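Please read the following report alongside the sequence and the coordinates.

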Amino acid sequence: MANVTELDFDQIKADLKAYLSGQARFQDYNFDGSNLSVLLDILSYNTFQNNFYTNMAISEMFLDSAQNRDSVISHAKSLNYLPKSRNASRARINIALSVPLPQPNFVTIPEKTKFLAKCGNKTFNFYNLESAVITPVNGTFVYYGLDIFEGTPITETFLANGDLEQRFILSNPNIDTNTIKVTVKDSVSDLTSTTYSVRSNIFGVGPTDAIYYIQPYFDDQYEIAFGRNLFGKSPSNGNLITVEYMITNGELANGAINFAADDNIQNYNTTISTILSSRSGAEKETKESIQYFAPKALQVQDRAVTESDYEILLKNRFSDIQAVSVYGGEELDPPQYGRVAIAVDVKNANGLSENNRFQYYRYLKDRCPIGIEPVIISPKFMYLSVASIVYYNTKNSSASQATIKELVQNAMIQYSEDKLSDFKTTFRYSKFSNAIDNADVEILSNDTEVLAIIPLNPTLNVNTNFDLRFKNALKIDHPLTAGEIVAQHKPAIRSSAFVYNGVRAFIQDDGQGTLNILQTKSDGSFLILNANIGTVDYNIGRVNIKNLNISSYFGSEVKIFARTLGKDIVAPKDRILTIRESDINVSVVGVRA
């Protein structure tokens with residue numbers, strides 16, 4: 001029998017030759033002759049085509065092996081997973097209007113008012129998706145905190161024919177599905193309409209509920225589906241269905257900061273100031289992401305019970321979420337039983353807007369067990385201070401010290417992006433040191449010290465308490481003694497400089513669990529300005545600062561540095577561990593090796 005395991009054309013032909021030449025009736029045939037060779041080519045080509053088609057068809061039948069995006073989306077649909085669309089970049093602005101006398105009682109900013117902003121060399125359009133009312137305060141018309149979204153508003157209409165099999169396919173693949181709004185009129189001429197609400201499942205949905213569902217369709221399009229009068233009311237014959245949504249450029253519009261109204265609002269001169277620059281724009285979900293998350297969405301069953309359930313639900317629903325950390329309210333201080341704390345980090349943003357916080361809360365509330373209250377909190381950070389001396393071979397390298405320094409700094413930032421910058425991560429000192437050595441082939445070695453940082457923004461001239469939890473054991477130096485050169489002491493806790501009682505000062509522990517405020521004297525020794533500003537628990541890395549009252553500080557924050565006992569540093573559950581460029585100090589030393 002011929003070998004049927006080969007897929008290569010030439011090997012298939014060789015197998016056919018070997019098989020036929022082994023038959024008694026074909027022993028004297030020349031299989032390289034023109035006629036038989038053509039026949040074998042046809043047989044081999046047909047076998048090759050069938051093998052290829054069968055292999056591809058079978059691969060597309062399974063989510064893990066599918067290569068075609070439409071196949072992956074089709075499998076995800078059967079798992080009740082909606083692939084994430086593009087996400088519109090959003091900004092928050094204040095709008096001030098110059099309203100002459102006599103002034104009206106209020107001014108309305110219409111829905112879908114157009115604003116313009118440049119990002120790079122390209123101008124993007126932004127719109128508010130809801131109208132806003134400005135009421136004057138002492139004759140001044142200002143609206144604070146208007147959310148605007150990048151893109152172009154689109155309206156599509158469909159005329160229902162009464163057929164439950166009728167399909168309503170949205171024509172543009174660049175939709176932000178979060179902006180879809182569906183209304184239904186009884187007829188084209190009707191002046192009133194019913195607004196339908198989106199649902200992702202059929203739990204609790206009755207046959208008369210005004211509900212619609214979003215489903216993936218081919219070529220990255222989306223489809224609006226109704227409940228067929230079983231799990232939601234379907235439009236009747238003659239009903240007019242209106243679908244409004246935004247098509248967007250996604251992440252291209254992130255970073256816009258200077259906004260202007262395209263037209264004066266109601267003919268009033270308009271002044272705009274930016275609260276938050278545009279951010280959270282994202283591209284549609286990749287095929288690989290769908291293959292990873294779709295099975296997990298089925299595991300969750302649209303219910304939040306375990307910690308991973310909350311993470312999967314939020315990341316599946318909101319494409320602008322970068323990281324999530326979930327922990328029980330009993331781990332808060334003080335404990336809050338019956339609550340679950342959810343720290344959310346959003347892409348290209350510092351903290352959470354109230355709009356985001358409300359969206360996440362509303363989405364999770366219906367999916368939490370009865371009696372559990374989700375608490376959405378902004379992420380906190382723990383940074384790493386890196387001081388590194390890098391030795392490189394000047395004998396074989398023509399690179400300058402500045403070039404080596406830049407390569408090393410880039411390697412550090414890349415390590416942070418690849419291995420850190422998330423909740424529940426661990427900084428691995430040996431791998432980080434190896435990344436520095438691999439920044440250039442002529443780097444010989446490095447001597448690197450890494451400290452943990454928790455930043456503070458104390459209220460000036462007010463007594464303020466801080467409870468900082470590094471969650472890593474701290475390394476204790478010998479007790480600080482009078483007359484000692486303070487710069488040579490390696491404390492477990494030390495702060496950056498600030499102004500205290502009119503002098504430049506800093507916080508440092510004394511090696512025995514007490515925090516002091518110190519001033520460096522001209523001879524390098526120290527003067528204690530406050531002998532007990534707080535305490536340190538070295539075993540668990542907990543720092544309590546009491547009644548800190550400073551008049552100013554240098555830079556944007558007061559940094560609390562912690563020297564950990566181990567070189568590997570574990571992120572606390574509620575903090576994101578990352579390395580900032582401003583916390584990197586690299587010195588390069590040339591060696592002729």
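## Surface patch and basis of the model

Patches are made of residues with over 30% relative accessible area and no salt bridge, where like charges are joined within 9 Å and nonpolar side chains (Val, Leu, Ile, Met, Phe, Trp, Tyr) within 5 Å. Accessible areas come from the Shrake-Rupley method with a 1.4 Å probe, and for residues only the protein chains shown count as cover. A salt bridge, in turn, is a side-chain nitrogen of Lys or Arg within 4 Å of a carboxyl oxygen of Asp or Glu. On these terms, V38, L39 and I42 make a nonpolar surface patch of about 280 Å², and L39 is found in helix α2 (residues 34-60).

The model is predicted, so that local features need pLDDT of at least 70 and side-chain atom pairs count only at pLDDT 80 or more, whereas totals for chains, interfaces and linings use all residues. Residues are numbered from 1 along each chain as its sequence is written, and side-chain values use heavy atoms, with hydrogens and water left out.

## The six-stranded sheet

Helices (H or I, at least four residues) and strands (E, at least two) are DSSP runs, numbered from the N terminus, and two strands pair if DSSP finds at least two bridges between them. Six strands, in the order β14-β3-β4-β6-β1-β15, form an open sheet with antiparallel pairing. Its edges are β14 (259-261) and β15 (269-279), each of which has a single partner strand, so one side of each is left without a neighbour in the sheet. Direction ignored, neighbouring strands of this sheet are turned by 35 degrees against each other on average.

Within the sheet, strand β3 (residues 114-119) pairs with strand β4 (residues 122-127) in the antiparallel sense over six bridges, and L116 stands opposite N125 in β4. Helix α6 (residues 354-365) lies across β1 (90-98) and β6 (141-150), running at about 130 degrees to β1. For that angle, axes are lines fitted to C-alpha atoms, for helices over the stretch in contact (heavy atoms within 4.5 Å), and angles run from 0 to 180 degrees between N-to-C directions.

## The seven-stranded sheet

A second open sheet is formed by seven strands in the order β7-β13-β9-β10-β11-β12-β8, with mixed pairing. Here β7 (152-159) and β8 (168-169) stand at the edges with a single partner strand each, so one side of each is left without a neighbour in the sheet. Strand β8 is joined to strand β12 (residues 222-226) by two bridges, the two running antiparallel, and I169 stands opposite E223 in β12.

## Salt bridges

How many salt bridges does a search of the whole structure find? The search finds 20. One of them joins D147 to R92, with the closest N and O atoms 2.9 Å apart. Because D147 lies in strand β6 and R92 in strand β1, the pair ties together parts that are 55 residues apart in sequence. Buried means under 20% relative accessible area, exposed over 50%, and partly exposed in between (1.4 Å probe, protein chains only); D147 is partly exposed at 22%, while R92 is buried at 14%.

The side chains of K380 and D574 also meet in a salt bridge (2.9 Å, N to O). This pair links distant parts of the chain, with K380 in strand β19 (residues 380-393) and D574 in the loop between β32 (569-570) and β33 (575-578), 194 residues apart. K380 counts as partly exposed, at 37% relative accessibility. E288 and K287 form a further salt bridge (3.5 Å, N to O), in which K287 counts as buried at 16% relative accessibility.

Five of the five residues of strand β31 (residues 558-562) are buried, so the strand is largely enclosed by the rest of the structure. V558, I560 and A562 point one way from β31, and K559 and F561 the other way. Strand β22 (residues 443-456) runs antiparallel to β31 and is joined to it by five bridges, with I560 as the bridge partner of I454. Strand β24 (residues 493-495) is likewise antiparallel to β31, through three bridges, and R494 stands opposite F561.

L474 lies in the loop between β23 (464-469) and β24, and is buried, with a relative accessible area of 4%. L474 and R563 are 89 residues apart in sequence but 5.8 Å apart in space, C-alpha to C-alpha. Not counting residues up to four places away in sequence, L474 touches residues including I493, Y538, A562 and R563.
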